[in-house]
Amino acid sequence: MIRRPAIIVAMTLAGLLATPAFAQNNMSPKAQYAYDSKQASTRYADDKKLCAEETSSKARMQCLRDAKTEYDQAIINAKAAQKAGNSYASQPSKQQQQVCADCGKVVAVNVTEKAGEGGALGMIGGGVAGALLGRQVGGGLGKDLATLAGAAGGAYAGKQVEGHVKNSKVWTVTVQYETGARADFAFDQDPGLQSGDLVRNSGNGITRR
């Protein structure tokens, strides 16, 4: 039997039962195996030195057999860890598995004002008002011309006034998708979104997620 302090025995057993080291650091499976096998060889060499201190040949032989058993088990564990590490490395990353093509993040929200267009109602109303104003000046043919001019000017003014009243705001939301693509969505009302919000496609628009 190998004579080691209790703390060394405990550390050895803990090393044998520990989870594969590749899960705890950034070593490749091959590099981890090289490290583990070197550690096993170092422990085996130390054990053989301890065995040489045994007082009888029988005790020395038993000590060497125990040391070899521990060494062999450490190599088996190292190989198992390497195999598990290769399997782990060949699996798609968690990030790749969870890419959502319909999911994205708001990167910009721009508000612009859309000019309205005056309709027939504005032209008729403005024309009547302009005609009445035109009849207040001139007389005879001049009065008729003033009426026509007043009606034309009034119609134009009426259209402009109606168009101004119909001015509206447009909210343009720019979305950056997880796939790298970008898209713009226009809203005629405030969608309540701001830069940094997480969204996903919903029909022809987007919704918060």
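Strand 1 and strand 2 (residues 168-177) run antiparallel and are joined by ten bridges. Strands here are DSSP runs of E with at least two residues, helices are runs of H or I with at least four, and both are numbered from the N terminus. Two strands count as paired if DSSP finds at least two bridges between them. The model is predicted: local features need pLDDT of at least 70, side-chain atom pairs count only at pLDDT 80 or more, and totals for chains, interfaces and linings use all residues. Residues are numbered from 1 along each chain as its sequence is written, and side-chain values use heavy atoms, with hydrogens and water left out.

K114 has S168 of strand 2 as its bridge partner. T112 is partnered by V170, also in strand 2. Strand 1 (residues 103-114) also pairs with strand 4 (residues 198-202), in the antiparallel sense, over three bridges. There, G104 stands opposite V199 of strand 4.

The largest nonpolar core has eight residues: V106, V173, V175, Y177, F185, L193, V199 and I206. A nonpolar core is a set of buried Ala, Val, Leu, Ile, Met, Phe, Trp, Tyr and Cys residues joined through side-chain atoms within 4.5 Å. Buried means under 20% relative accessible area, exposed over 50%, and partly exposed in between (1.4 Å probe, protein chains only). Strand 2 gives the most to this core, with three residues. V175 has contacts (heavy atoms within 4.5 Å) that include G104, K105, V107, F185, V199 and I206, not counting residues up to four places away in sequence. A181, R182 and A183 are also among the residues that V175 touches.

Helix 2 (residues 29-51) has 23 residues. Its first and last C-alpha atoms are 33 Å apart, close to the 33 Å expected at 1.5 Å a residue. The expected span is 1.5 Å times one less than the number of residues. Buried positions in helix 2 are P29, Q32, D36, S37, A40, Y44, D47 and C51.

The structure holds two disulfides, a disulfide being a pair of cysteine sulfur atoms within 2.5 Å. In sequence order, the bonded cysteines of the chain pair as 1-2, 3-4. The link of C51 and C63 is left-handed, with -80 degrees about the S-S bond. C51 lies in helix 2 and C63 in helix 3 (residues 57-90), so the pair ties together parts twelve residues apart in sequence. Both C51 and C63 are buried.

A disulfide also joins C100 to C103 (S to S 2.1 Å). The torsion about the S-S bond of C100 and C103 is about 60 degrees, so this disulfide is right-handed. C100 counts as buried because its relative accessibility is 18%. C103 counts as buried at 3%.
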